[in-house]
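Grab your viewer and work through these exercises, each with a solution you can follow step by step.

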Amino acid sequence: MSTVLALTSCATTDQFPLTSTLNSRYTDEQPALSGDGRFLAFVSNRDGSRNILLYDLQQRQFVYLPQLNRRNAIAEQPSLSYTARYIVYLASDRGRPEIELYDRATRRTQILTIGYQGWIRNPKISPDGRYITFETGSRGQWDIEVLDRGATVELDRPNAPIPGLQPSP
């Protein structure tokens, strides 16, 4: 037996959908599920530009992501860590895509591929948030690369408290 959720939205304020429904009359695509199955990220054009939205399937509401989506930038191809603390995605605001990482605990975005040579696509983050894989065209063909954020990065682990985020009910 399978369950299909329908998500809809009607209005946005400050690029944040106020309704609690998922699907809408707008284009919603590129879904990514967190490792614990609670959060769903996807790309939507609800406010006239392509933005990444995060939906809490347990609470049945959207999660506010301040400073993730920017005017004049296209965000796409989201990938989530285990509890969705980290969101990795592709952003284009100067005609060239960059891989960015958004930390929901700090509400900060970090560009991971500044100065990187070659085209990139399809970023994916490991469940603990330490590693990011992506495809690169730097050698004239598509290859796979793995980016290690380092041993000192704060990992996204199941049942671990995340500073700045509400505990799971």
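**Exercise 1.** How many residues does the largest nonpolar core have, and which have the most contacts inside it?

Ground rules before the solution: this is a predicted model, where local features need pLDDT of at least 70, side-chain atom pairs count only at pLDDT 80 or more, and totals for chains, interfaces and linings use all residues. Residues are numbered from 1 along each chain as its sequence is written, and side-chain values use heavy atoms, with hydrogens and water left out.

*Solution.* 
- Start with the criterion: a nonpolar core is a set of buried Ala, Val, Leu, Ile, Met, Phe, Trp, Tyr and Cys residues joined through side-chain atoms within 4.5 Å. Buried means under 20% relative accessible area, with a 1.4 Å probe and protein chains only.
- The largest core comes out at 15 residues, and L54, L65, L68, L80, I87 and Y89 have the most contacts inside it.
- Strand 4, strand 5 (51-56), strand 7 (74-80) and strand 8 (86-92) each give two or more residues to this core. Strands here are DSSP E runs of at least two residues, numbered from the N terminus.
- Apart from that core lies another, of 12 residues, including Y86, L112, Y116 and I132.

**Exercise 2.** Classify the aromatic pair F42 and F62: which geometry does it have?

*Solution.* 
- Rings of Phe, Tyr and Trp (its six-membered ring) pair if their centres lie within 6.5 Å; planes under 30 degrees apart are stacked, over 60 edge-to-face, and the rest tilted.
- The structure holds 3 such pairs.
- For F42 and F62, the centres are 6.3 Å apart and the planes at 55°, so this pair is tilted.
- F42 sits in strand 4 (residues 39-44) and F62 in strand 6 (residues 61-63), 20 residues apart. Both F42 and F62 are buried.

**Exercise 3.** What order do the strands of the open sheet 11-12-13 follow, and is the pairing parallel or antiparallel?

*Solution.* 
- Two strands pair if DSSP finds at least two bridges between them.
- The 3 strands run in the order 11-12-13, with antiparallel pairing.
- Strand 11 (120-125) and strand 13 (143-148) are the edges, each pairing on one side only.
- Between strand 11 and strand 12 (residues 131-136) there are 4 bridges; I125 has I132 as its bridge partner in strand 12.

Methods: Buried < 20%, exposed > 50% of the residue type's maximum accessible area, 1.4 Å probe, protein only.
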